[in-house]
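I opened this model to look up its fold, its nonpolar cores and its ligand site. My notes are below.

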Amino acid sequence: MAVVTNDEEVSAVAKDDGSLLAEFRELWAEADNLWDQYQETPAFHGYVSADYYAVYQSLLRLEGTAATLLEWGSGLGIVAIMASRMGFEAYGIEAEPSLVEHAERLAQFYGSAAQFAQGSFIPEEFEWDLIEGDESQRTLIDIPAAYESLDMELRDFDLIYAYPWPEEHTLFRNIVRSCGQKNALFLSYDGREGMELIRSHDP
Ligand SMILES: C[S@@+](CC[C@H](N)C(=O)[O-])C[C@H]1O[C@@H](n2cnc3c(N)ncnc32)[C@H](O)[C@@H]1O
């Protein structure tokens, strides 16, 4: 069963956490500045930022439900940084080395313990099946997986967050289903649909 977040309900919770939200607004502004500065560079060609406020609201709902979070394609690391500040044990995997460097710098500056690794979030053991809809659009498929450098496996994470390209939702879900833990939560952002939360083994 897919669970779509209820914005009204979450806004009430979000209002209770003003100081963290104020800090996050500075973080989001810094991410916007980096985008303005570097958007024409090759490292940013595959990067688009999610609606961080919407992701924050979803994370608020998940506090206490999940302990470990992994941001797939973490870019500037904003979601992993927020999650770490909110009490999750948070990690990010990103293909572009310079984005990992930005994420690590931002994490340090904002007092976040989020850890980042350069490489692919697609586990080596994932078996592609085009019949099952495993299509990639702009996700890089020819770089080694990064789980070893985090000393973690995909199944160690309770909650996986990603912002898939429009044609890649099925691929991302299939990776979580086949390589994630049995009841992993998969939180995704889509430019048109907003946030969606599913359990990995929901039909
Ligand atoms: C749409 S952006 C999402 C950025 C951020 N997670 C967010 O939600 O705002 C996708 C990111 O995935 C990265 N990426 C693409 N293929 C990847 C792969 N196989 N493994 C890790 N990162 C990848 C891109 O460099 C880009 O930073």
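**Entry 1: the chain.** I note before anything else that this is a predicted model. I looked up the secondary structure and found seven helices and six strands in the protein chain. Along the sequence, I read their order as α-α-α-β-α-β-α-β-α-β-α-β-β.

**Entry 2: size and packing.** I asked what radius of gyration a compact globule with 203 residues would have. The rule puts it near 17 Å, and the protein chain has 16 Å, so the value agrees with that of a compact globule. Along the principal axes, the C-alpha atoms fill a box of roughly 45 × 40 × 35 Å.

I then looked up contacts between residues with a separation of 6 or more, and 69% of these join residues 24 or more positions apart. As for burial, 50% of the 203 residues count as buried, where buried means under 20% relative accessible area. The chain exposes about 10100 Å², and I note that carbon and sulfur atoms supply 47% of this area.

**Entry 3: the cores.** I keep one general point in mind here: nonpolar side chains tend to be buried together in soluble globular proteins. Which residues have the most contacts inside the largest nonpolar core? I found L59, M82 and L159, in a core of 45 residues. The elements giving two or more residues to this core are the helices α2 (18-38), α3 (52-62), α4 (78-85) and α5 (97-109), with the strands β4 (159-162), β5 (185-190) and β6 (194-199).

Leaving out residues up to four places away in sequence, M82 touches F24, L27, W28, Y52, V55 and Y56. Another core, of 24 residues, lies apart from the largest one, and Y91, M152, F157 and F172 are among its members.

**Entry 4: the ligand.** How many residues surround the ligand? I found 22, and the closest are E71, G73, E94, L140 and Y161.

A polar backbone atom of G73 is 2.8 Å from a ligand nitrogen. For G119, a polar backbone atom is 3.4 Å from a nitrogen atom of the ligand. With S120, a polar side-chain atom takes part, and I noted a distance of 3.1 Å to a ligand nitrogen. Last, I looked up how much of the ligand is covered: taken alone, the ligand exposes 600 Å², and the protein buries 97% of that.

Key: Residues are numbered from 1 along each chain as its sequence is written. This is a predicted model: local features need pLDDT of at least 70, side-chain atom pairs count only at pLDDT 80 or more; totals for chains, interfaces and linings use all residues. Side-chain values use heavy atoms; hydrogens and water are left out. A nonpolar core is a set of buried Ala, Val, Leu, Ile, Met, Phe, Trp, Tyr and Cys residues joined through side-chain atoms within 4.5 Å. Buried means under 20% relative accessible area, exposed over 50%, partly exposed in between (1.4 Å probe, protein chains only). Helices (H or I, at least four residues) and strands (E, at least two) are DSSP runs, numbered from the N terminus. Contact means heavy atoms within 4.5 Å. A residue is near a molecule or strand if one of its heavy atoms lies within 4 Å of it. A polar contact is a pair of N or O atoms within 3.5 Å; within protein, one must be able to donate a hydrogen and the other to accept it, and residues adjacent in sequence count only if both atoms are side-chain atoms. Accessible areas come from the Shrake-Rupley method with a 1.4 Å probe; for residues, only the protein chains shown count as cover. The radius of gyration is taken over C-alpha atoms; the globule rule is 2.2 Å times the number of residues to the power 0.38.
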